[in-house]
Amino acid sequence: MGQWLDNAVFYEIYPQTFKDSNGDGIGDFQGIIEKLSHIKELGCTAIWMNPCFESPFGDAGYDVSDYYKAAPRYGTNDDLKRLFEEVHKMGLYLLLDLVPGHTSIEHEWFKESMKAEKNAYTDRYVWTNSVWDEPEGMGCIRGISQRDGSCAVNFFSNQPALNYGFYKTDRPWQQTVDAPGPQATLDELKNIMRFWLDLGCDGFRVDMAHSLVKHDEEGKGTMALWRSVRTMLDEEYPKAVMISEWGEPDKSLQGGFHMDFLLHFGPSRYNDLFRCEEPYFSSRGKGDISEFVKKYMDSYEKSDRKGLICIPSGNHDMDRLARHLPDVHELKVAYGFLLSMPGAPFIYYGDEIGMRYVEDIVSVEGGYDRTGSRSPMQWDDTKNAGFSDAPAEKLYIPLDPDENRPTVQKQLADPQSLYHEIKKLIQIRQANPALQSNAEIDFVYVEKDMYPFAYLRSTDGQKILVIINPSSAETSFACSYEPKETIYSFGGEVSVQDGKLIVPAGSCGYYCV
Ligand code: GLC
Ligand code: CA
């Protein structure tokens, strides 16, 4: 694994809406190159970029039609190579988004597999033996092929499932994981990874990583598959890293991933923090952190430090954080948490300035309700907020129409801005080993429905107590640690009274103990 991962802070780029360099209304590689200094300045050290491969864009590029070719809307393979080079020149790293579970219906493999006569791609996807036989428990495409069969889909009905086999088979058309068809799919997947690693990427975020082997409730088949990928990487590309969209770190990390996300799905209770009716980080103070902590510790212990559990600020599939925490003060407290937890933090583009979820816009490229979280990056006060020179109606997704929308330019000029708070938090994290990805965590004060909560981060040489009170009321708790030096405080410092720690309303502090 790349050593750089030990202290990485990631930035997610949605290429469609980050920066358009040629005025066609859609972001591109050259635009990203022009804005790398923004990511570097913020203090992020690595980038995850959403899919950028040839695609009919039925699901914003998660429906690939050629894994070996950059989508022309973003540039050529050479342009992408140049992006890797520029990223590296800045001392940053870049992960591509790998979509191993399904393709577009326009992929040549799928077109071949729809043919009645047997060919090299007949077993590339999960097909039943008759159009009247639907694969149980999965959606399917049927009635569009010469071939007599139904093809399983993974997500939308235009995303046919690639065939990695079944962990348990109970129908004649289901193939075992070690059958030639599934093995050929896996070999091809490894070749795709080699291709992009050879061109200079640093690894992959893996889409729906849990979904490859079918009838595999416990994930055993899928874990074994990824372990074989990891073995290949360790031998051929030992610096490459992989993060999974899985949401169950105990499984994904055993499966050889270096990192996994806590997500809006899966058992992690991630939504309790930010995206539910009464989020813990709202100043209303009606949330609960205890269920989240229980689940988190469960994953932390089960995953046995095999890799990192990463908590993102958001992503292209979720509501913007600012939709649930509309007050910048609340957001700052939330980042005090996000940037002091173990695992590598991930900041979704625009979240560093508190970009809003754009309400009531028409779905773009299969985004539906996700579209509002994918609006153009707000750079400055020039045309289209500096995102693009195109006429406004040509923008890939409309801009946040609010005249007071946050921009990078405004926040750079304001020392009290969210941007500057996040930048400061990243600097503090980078300067203090106990706050970094692999340092231990112990929860010190976590009570059902109560505020504040507190945890200790520690390495051999340093112990930092983090105390967070998002609510608008002052609180107190009995603490066995005595805060000494203050490393960071926002919203006021804690004080000692009658043997208790008094924690100011809306505050977050890091203290050496
Ligand atoms: C993942 C992606 C999402 C996509 C889906 C299907 O959840 O993050 O954007 O639509 O997989 O590939
Ligand atoms: Ca463009």
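**Note on the predicted model**

1. The protein has 13 helices and 20 strands. The model is predicted, and the points below should be read with that in mind.

2. Overall dimensions. The C-alpha atoms fill a box of roughly 80 × 50 × 40 Å along the principal axes.

3. Burial and surface. Of the 513 residues, 61% count as buried. The accessible surface of the protein comes to about 19600 Å². Carbon and sulfur atoms account for 47% of that surface.

4. Contacts along the chain. Take the contacts between residues at least 6 apart in sequence: 66% of them join residues at least 24 apart.

5. A helix pair. How do helix α5 and helix α6 pack? Helix α5 covers residues 180–199 and helix α6 covers residues 220–236. The angle between them is about 35°, and their axes are 11 Å apart. The crossing of α5 past α6 is right-handed.

6. Residues between the two helices. On the α5 side, the contact is made by L186, L189, K190, M193, R194 and L197. On the α6 side, the residues are L225, W226, S228, V229, M232, L233 and E236. By type, the residues of this contact divide into 9 nonpolar, 1 polar and 3 charged.

7. M208 lies in the loop between β8 (203–206) and α6. Its phi is near 40°, which is a positive value in a residue other than glycine. Is M208 buried or exposed? M208 has a relative accessible area of 14%, and because buried means under 20%, M208 is buried.

8. The loop between β12 and α12, part one. E365 is found in this loop. Like M208 in the previous point, E365 is a residue other than glycine with a positive phi; for E365 the value is near 45°. The relative accessibility of E365 is 22%, so E365 counts as partly exposed.

9. The loop between β12 and α12, part two. T371 lies in this loop as well. With a relative accessible area of 1%, T371 is buried. Which residues does T371 touch, not counting those up to four places away in sequence? They are I361, V362, S363, V364 and I397. The C-alpha atoms of T371 and D317 are separated by 8.4 Å, and these two residues are 54 residues apart along the chain.

10. The loop between β12 and α12, part three. S375 also has its place here, between β12 (346–348) and α12 (408–413). Its relative accessibility is 0%, so S375 counts as buried. Leaving out residues up to four places away in sequence, S375 touches T17, R320, Y349, M355, V358, I397 and P398.

11. A cis peptide bond. Where is the cis bond that involves P452? The bond joins Y451 and P452, and its omega is about 0°. P452 lies in the loop between β13 (440–445) and β14 (453–458).

Conventions
Residues are numbered from 1 along each chain as its sequence is written. Chains are lettered from A and ligands numbered from 1 in the order in which they are written. This is a predicted model: local features need pLDDT of at least 70, side-chain atom pairs count only at pLDDT 80 or more; totals for chains, interfaces and linings use all residues. Side-chain values use heavy atoms; hydrogens and water are left out. Axes are lines fitted to C-alpha atoms, for helices over the stretch in contact, and angles run from 0 to 180 degrees between N-to-C directions. Helices (H or I, at least four residues) and strands (E, at least two) are DSSP runs, numbered from the N terminus. A crossing is left-handed if the near helix is turned anticlockwise from the far one by less than a right angle, and right-handed if clockwise. Contact means heavy atoms within 4.5 Å. Ala, Val, Leu, Ile, Met, Phe, Trp, Tyr, Cys and Pro count as nonpolar, Asp, Glu, Lys and Arg as charged, and the others, Gly among them, as polar. Buried means under 20% relative accessible area, exposed over 50%, partly exposed in between (1.4 Å probe, protein chains only). Accessible areas come from the Shrake-Rupley method with a 1.4 Å probe; for residues, only the protein chains shown count as cover.
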